[in-house]
Amino acid sequence: RIHKHSGVFVTASTGIAAANVGGTTLHSFAGIGLGEDDAATMARTLKPKARRRWCDAKVLVIDEISMLDGRLLDKLDSLARNVRNRPAEPFGGIQLILVGDFFQLPPVRLGQDPDVRFCFATRCWEEVVQETFVLRHVYRQRDTGFLAMLDEVRHGTVGPASQALLEKAHMQAASRNPKDWNDDAIKPTRLFSTNRDVDALNERE
């Protein structure tokens, strides 16, 4: 979603996330292709429409910030300062609204490529992020026990009660014969550690 007259540009780090917020990908807004060039090259090769967006922007919203490679955030900071000719101001004076949860999906290849990092480990983070708001009220669930279990799993500190609940749910699902499932039955989601196993199950289904 682009509000040209107000200067508000809504983006996300992935296409699916961008569609969910009615916006565009950050790469598309920025006009940087895959974003593999250095900031100076990006600024030099930026197309006029993209340059105009950078100059018109007052507020840039980036959703699913946890998935954005921190190196790209640093590049975009340098690009914005250059294009807007405001080298002393973070993102060239654009206000950033970064939305997301660092407990969720990390940048691709984090832990595999030593150069990939979270956004909060970047050069520009301390300058760009001046206020942090933590949303604590959960709207999707009301069962306090289930909420507590989800929070434990999220933090990686699963206690005995949650462990017992998870094992019970697993045993119930494992004991059912998939051949007995009908079209209305809810099939449990299966998680795998490799794409090969995911692809094999998807192919069988």
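The legends below describe close-up views of a predicted model.

**View 1. Surroundings of Arg 84.**
Arg 84 is found in the loop that runs between α5 (70-83) and β5 (95-98). With a relative accessible area of 14%, Arg 84 is buried, because buried means under 20%. Leaving aside neighbours within four places in sequence, the residues in contact with Arg 84 include Trp 54, Cys 55 and Ala 57, as well as Phe 91, Gly 92, Gly 93 and Ile 94. A polar atom of the Arg 84 side chain lies 3.4 Å from the backbone oxygen of Cys 55. Arg 52 is 32 residues from Arg 84 in sequence, and the C-alpha atoms of the two are 9.6 Å apart in space.

**View 2. The salt bridge between Arg 52 and Asp 56.**
A salt bridge joins Arg 52 to Asp 56, with the closest N and O atoms 3.1 Å apart. Both residues lie in helix α4 (residues 48-56), where they are 4 residues apart, about one turn of the helix. Asp 56 counts as partly exposed, at 31% relative accessibility.

**View 3. The salt bridge between Arg 123 and Asp 77.**
The whole structure holds 9 salt bridges. One of them is formed by Arg 123 and Asp 77, whose closest N and O atoms are 3.2 Å apart. This pair links distant parts of the chain, 46 residues apart: Arg 123 is in the loop between β5 and α6, and Asp 77 is in helix α5. Arg 123 is partly exposed, with a relative accessible area of 46%, whereas Asp 77 counts as buried at 0% relative accessibility.

Glu 89 and Arg 86 form a salt bridge in which the closest N and O atoms are 3.0 Å apart. Both partners count as partly exposed: the relative accessibility is 31% for Glu 89 and 33% for Arg 86.

The structure holds 6 aromatic pairs. Among them, Phe 102 and Trp 125 form an edge-to-face pair, with 6.0 Å from centre to centre and 70 degrees between the planes. Phe 102 lies in the loop between β5 and α6 (125-128) and Trp 125 lies in helix α6, so the pair ties together parts that are 23 residues apart in sequence. Phe 102 is partly exposed, with a relative accessible area of 28%, while Trp 125 is buried, at 14%. The rings of Phe 118 and Phe 120 form a stacked pair, because their planes are at 15 degrees, with centres 5.1 Å apart. Phe 118 counts as buried at 18% relative accessibility, and Phe 120 is partly exposed at 40%. Ring pairs link Phe 102, Phe 118, Phe 120 and Trp 125 into a cluster.

**View 4. Surroundings of Ser 66.**
Ser 66 has its place in the loop between β4 (59-63) and α5. Ser 66 is buried, with a relative accessible area of 0%. The side chain of Ser 66 reaches the backbone oxygen of Leu 105 at 2.5 Å. Beyond neighbours within four places in sequence, Ser 66 is in contact with Asp 101, Phe 102, Gln 104, Leu 105, Pro 106, Pro 107 and Phe 118.

**View 5. A nonpolar patch on the surface.**
Val 153, Val 158 and Leu 166 form this patch, and together they have about 210 Å² of accessible area. Leu 166 belongs to helix α8 (residues 160-175) and is partly exposed, with a relative accessible area of 36%.

Key. Residues are numbered from 1 along each chain as its sequence is written. This is a predicted model: local features need pLDDT of at least 70, side-chain atom pairs count only at pLDDT 80 or more; totals for chains, interfaces and linings use all residues. Side-chain values use heavy atoms; hydrogens and water are left out. Helices (H or I, at least four residues) and strands (E, at least two) are DSSP runs, numbered from the N terminus. Buried means under 20% relative accessible area, exposed over 50%, partly exposed in between (1.4 Å probe, protein chains only). Contact means heavy atoms within 4.5 Å. A polar contact is a pair of N or O atoms within 3.5 Å; within protein, one must be able to donate a hydrogen and the other to accept it, and residues adjacent in sequence count only if both atoms are side-chain atoms. Patches are made of residues with over 30% relative accessible area and no salt bridge: like charges are joined within 9 Å, nonpolar side chains (Val, Leu, Ile, Met, Phe, Trp, Tyr) within 5 Å. Accessible areas come from the Shrake-Rupley method with a 1.4 Å probe; for residues, only the protein chains shown count as cover. A salt bridge is a side-chain nitrogen of Lys or Arg within 4 Å of a carboxyl oxygen of Asp or Glu. Rings of Phe, Tyr and Trp (its six-membered ring) pair if their centres lie within 6.5 Å; planes under 30 degrees apart count as stacked, over 60 as edge-to-face and the rest as tilted.
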